[in-house]
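Please keep the sequence and the structure in view while reading.

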Amino acid sequence: ITTNQLIERTSDTINTMNKMERSRGHFYNWYDTETLAPLQPKYISTVDSGNLAGHLLVLRQGLLALPHQKIISIKLFEGVRDTFRVLVDTLEEKDVALLEQFSIDLDTACYNELTDLNKIKELSNTLTKDFNLIINQLNGDSKTETYRWKCLLQEQFNQVNQHIQIFEPWILLQTAPTNFKDLVAPESNITWIEFLKTAQNLKEYSKEKALKNNSSDENQWFEQFQTALTYSINTANKIISTSENLAHQCNELADMEWDFLYDKFSHLFSIGYNVQDHRMDASYYDLLASEVRLCIFVCIAQGKLPEDSWFALGRLLTNLEGSSILLSWSGSMFEYLMPLLVMPNFENTLLNQTYKGAVEWQIKYGKKTDRPWGISESGYNMINANSNYQYRAFGAPGLGLKRGLEEDAVIAPYASAMALMVTPEEACENLER
């Protein structure tokens, strides 16, 4: 997606989150997805709040970095190619041949150096035009996957072309009348911050040109140039100011109270808190191989917990075919790998060894039971009175302290997606299977 889409989607999400009722900074575990009203009982989950805080802080850093990113990136066309390949997967063989030349052209775009603005615009326009000519020959049934991905790819081209439009003043300068030849176009490979400063300077300097005796053609060009420049400045301004504002909101949403969930004597977190009963759960998270470690990591980083909390987590080890692995409660991939999405990892540490060992054991257990691997907490085939699927922890026997793990299993695709961080090739093969 383009930067504009990222900002738009993030704004929509955070605006919705700001409308939702919270307690001491924490979101409740369940809400009605249509009204946003909390569902009974109002419950605060320690790990879910910790996961949210950790990921909000990562998002904040990304938003703060965004104004310093290059505006034009090869990822624009690589993203288009990803969507295109999904579309191809939905086609019959006779239709794939229609897209052969387009596929070659798209690959070429992905390997080009994106420095010449004219070439970038021309490339995007040509690909859009060629694709629009081809799609009329593809399946037109609006109920098919082909139709869906065809529409998504069309919209993606529209977004890319809109993204490139920010450089329209630069492109116009290349056809400037004689009177405006000294207005120099900067390089295209610049960041949002650099772009805004350059565009503002160019606008100030170009104002002087409006006072000179220009022909009607020159005035017409200048008016078009000024309109394009104003659009570019407004777009860049919005991207920069909104990303900074969203980063600030992420920081505020990640600021939660933790003392009512924390036992100062054991230095452990409770499982959660029942808001209606004003009661903390009697059970605690006491294992390092648990997703609570992200929560504790974030709280220590925010200065809300002592470092003792990290060392209070249990480090029970098991030996599985020669590998020493930290035991978790349910042996789920989620407990082991979810924090790794955003936490630092260091070679030759117990956690690093555990990540590798847990995935290896899940692979071995999958082979032993003759099915794909990746057992983790998930929705499963049991429904409640409202016909909603239920959800609980599943894990690989041998990794978890919980009894009866071998009785049921759910192979959750997201478990393999997380394992891409540890064993990428094996995870890809497993997803394909």
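What volume does the largest pocket have? In this predicted model, the volume of the largest pocket is about 760 Å³.

## The largest pocket

Its lining is made up of 24 residues, and Val47, Tyr285, Glu291, Glu377 and Tyr391 are those that lie nearest the centre of the pocket. Two or more lining residues come from each of strand 3 (43-45), helix 2 (46-65), strand 8 (284-285), helix 13 (333-337) and strand 12 (389-392). When the lining of the largest pocket is sorted by class, 13 residues are nonpolar, five are polar and six are charged.

## The second largest pocket

The second largest pocket has a volume of about 460 Å³. It is lined by 21 residues, of which Ile1, Thr2, Thr3, Leu6 and Lys75 are the closest to its centre. Helix 1 (3-19), helix 2, helix 3 (75-89) and helix 7 (145-164) each give two or more residues to this lining, and helix 7 gives the most, with four residues.

By class, the lining of the second largest pocket has nine nonpolar, 10 polar and two charged residues.

In soluble globular proteins, nonpolar side chains tend to be buried together. Here the largest nonpolar core has 113 residues, and Phe195, Phe225, Phe269 and Leu337 are the ones with the most contacts inside this core. Helix 10 (residues 216-253) supplies the largest share of the core, namely 13 residues.

Which residues does Phe195 contact, leaving aside its neighbours within four places in sequence? With those neighbours set aside, Phe195 is in contact with Ile71, Ile166, Phe167, Trp170, Ile190, Ser232 and Ala236.

Strands of a sheet pair through backbone hydrogen bonds, either parallel or antiparallel. In this model an open sheet of three strands runs in the order 4-5-8, and the pairing is antiparallel. Strand 4 (262-263) and strand 8 are the edge strands, each of them pairing on one side only.

Two bridges join strand 4 to strand 5 (residues 268-270) in the antiparallel sense, and the bridge partner of Asp263 in strand 5 is Leu268. Phe269, one of the residues with the most contacts inside the largest nonpolar core, falls within the range of strand 5, residues 268-270.

## Backbone details in the loops

The peptide bond that leads from Gln40 to Pro41 is cis, with omega near -10°, and Pro41 is found in the loop between strand 2 (26-27) and strand 3.

Arg24, which lies in the loop between strand 1 (22-23) and strand 2, has a phi near 55°, a positive value in a residue other than glycine. For Asn348, in the loop between helix 13 and helix 14 (350-369), phi is near 60°, again a positive value in a residue other than glycine. Is Asn348 buried or exposed? Asn348 counts as exposed because its relative accessibility is 79%, where exposed means over 50%, whereas Arg24, at 36% relative accessibility, counts as partly exposed.

How values were computed
Residues are numbered from 1 along each chain as its sequence is written. This is a predicted model: local features need pLDDT of at least 70, side-chain atom pairs count only at pLDDT 80 or more; totals for chains, interfaces and linings use all residues. Side-chain values use heavy atoms; hydrogens and water are left out. On a 1 Å grid over the protein atoms alone, a cavity is a set of points where a 1.4 Å probe fits but cannot get out, and a pocket is an open set with protein on both sides within 12 Å along at least five of seven lines; lining residues have an atom within 4 Å of a point. Grid points are joined across faces, edges and corners, and a volume is the space filled by probe spheres set on the points. Ala, Val, Leu, Ile, Met, Phe, Trp, Tyr, Cys and Pro count as nonpolar, Asp, Glu, Lys and Arg as charged, and the others, Gly among them, as polar. Two strands pair if DSSP finds at least two bridges between them. Buried means under 20% relative accessible area, exposed over 50%, partly exposed in between (1.4 Å probe, protein chains only). A nonpolar core is a set of buried Ala, Val, Leu, Ile, Met, Phe, Trp, Tyr and Cys residues joined through side-chain atoms within 4.5 Å. Contact means heavy atoms within 4.5 Å.
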